[in-house]
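Please look through the structure below before reading my remarks.

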Amino acid sequence: MSLRIIDSHLHFFDLALGQYSWLKHNPPAWPNLEKIRQNHTLTSLHHHSQFTLEALVHVEAGFDNQNPINELHWLNQELGSFPFKAVGYASINATPEQFSAAIERLAYPKLVAIRDITEGIDSQRLSAPSVLENLTCLAEHGLHFEAQLEFKQSEKVDLLLQLAEQKSGLKIVFNHAGFIDATSPCRDILRRIRALNNVMIKCSGHEMLASPLTLPEWLTHLITYAGEESLMLGSNYPVSLMQKSYWQIWQDYLDVIGISSTWHKLSRDNAKNCYGL
C-alpha cells in the first residue's frame, strides 16, 4: 500500500521563464549544482511504488521578485489541477504601505503565506519598526509568515515568538528547522514552540547544514523537544539534490520514524491542517 505524503517545502524552476538571479548569475557553492540548476517541475518527480505525493507546498524561489505574482500564475499553469498551496515573496521590512500594496498584488486563491529570507546578517531586518504591522497585515489577510533564519539568532527568534505569544491570530512557520545542528541544538526555543498552537517547524534543509547531526539524531531531537504536533516534513527539492534523490529523502525519513502515528502526522496530517490542503 502506497503511503500518501504532503511535501511542505519544495521549489520548481523554469529557468527560461523565471529570473532566478541567485541561481543563474551568483550561484551558491553547492555540490551537485548542475543537478539543481535545471528546470524542475512536477513531472520531474517520477512515480514511486511506496509513496504517493498527495499535495505540495511550493515556496517562492526568486522567479520574479519585482512581480512575484508571476510565479503564482506560472505555478497554476504548470500544476493544473494538482493540489497545492503557494508561499509567495514580499519584503517583511517594507513600509506598511508598501507591504500592504504588495500583499494586495499577490492576491491569489492558492497563496497561503509569504517568505522573506532573513538568514545571517539579514536577520537584522526583523527589528524594523514596520515588521509588527506587516505581520498583522498578513494575519488580517488570512496569510502567515514563513520565517527562514537560524534559531541561534535567538534575539530575532525571540522577537517573532513574542509576537506569536501575544497574537494568537498570527501564524509563523519556521523553515528548515531553524538550521539547528550539532553546534546549536536550541532546545529552549524548540520547547517554547511546542507550547504554541500558532507556530510550526518544517523538518527540511538537512543537506544545507555545515555541522549536521545525523538524520536520526536530527529528527529525534526535533520530535523530542518540539513535539510531533509542531512538525512537518519537507524535501527542499531540488536543493536537496546536492545530497540525494527526491524519493530517497522520504525513504530516509521513513526509515528513521517508521510507519506510526508520528509518521502520519509529520508526513501528511500536520501539513494538511497547516496549509488547508
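This is a predicted model: local features need pLDDT of at least 70, side-chain atom pairs count only at pLDDT 80 or more; totals for chains, interfaces and linings use all residues.

1. Residues are numbered from 1 along each chain as its sequence is written, and side-chain values use heavy atoms, with hydrogens and water left out.

2. An unreviewed UniProt entry places the feature "domain: Amidohydrolase-related" at residues 6-254; such positions are given in the numbering used here, feature names are shortened, and annotations may be inferred rather than shown by experiment. The span of residues 6-254 is 33% helix and 16% strand, and its end C-alpha atoms lie 14 Å apart (helices, H or I, are DSSP runs of at least four residues, and strands, E, of at least two, numbered from the N terminus).

3. Helix H8 (residues 215-226) packs against helix H9 (residues 246-257) at an angle of about 65°, and their axes are 10 Å apart; axes are lines fitted to C-alpha atoms, for helices over the stretch in contact, and angles run from 0 to 180 degrees between N-to-C directions. On the H8 side the contact (heavy atoms within 4.5 Å) is made by Leu215, Pro216, Trp218 and Leu219, and on the H9 side by Asp252, Tyr253, Val256 and Ile257. Seven of these contact residues are nonpolar, none is polar and one is charged, where Ala, Val, Leu, Ile, Met, Phe, Trp, Tyr, Cys and Pro count as nonpolar, Asp, Glu, Lys and Arg as charged, and the others, Gly among them, as polar.

4. Which residues line the largest cavity? Leu215 and Tyr253 are among them, together with others including His206, Glu207 and Lys244, and the lining divides into three nonpolar, five polar and two charged residues. On a 1 Å grid over the protein atoms alone, a cavity is a set of points where a 1.4 Å probe fits but cannot get out, whereas a pocket is an open set with protein on both sides within 12 Å along at least five of seven lines, and lining residues have an atom within 4 Å of a point. The largest cavity has a volume of about 100 Å³, a volume being the space filled by probe spheres set on the points, with grid points joined across faces, edges and corners.

5. The largest pocket holds about 630 Å³ of space, and of its 26 lining residues Trp22, Glu60, Arg115, Ile117 and Gln148 lie nearest its centre. Its lining has eleven nonpolar, nine polar and six charged residues.
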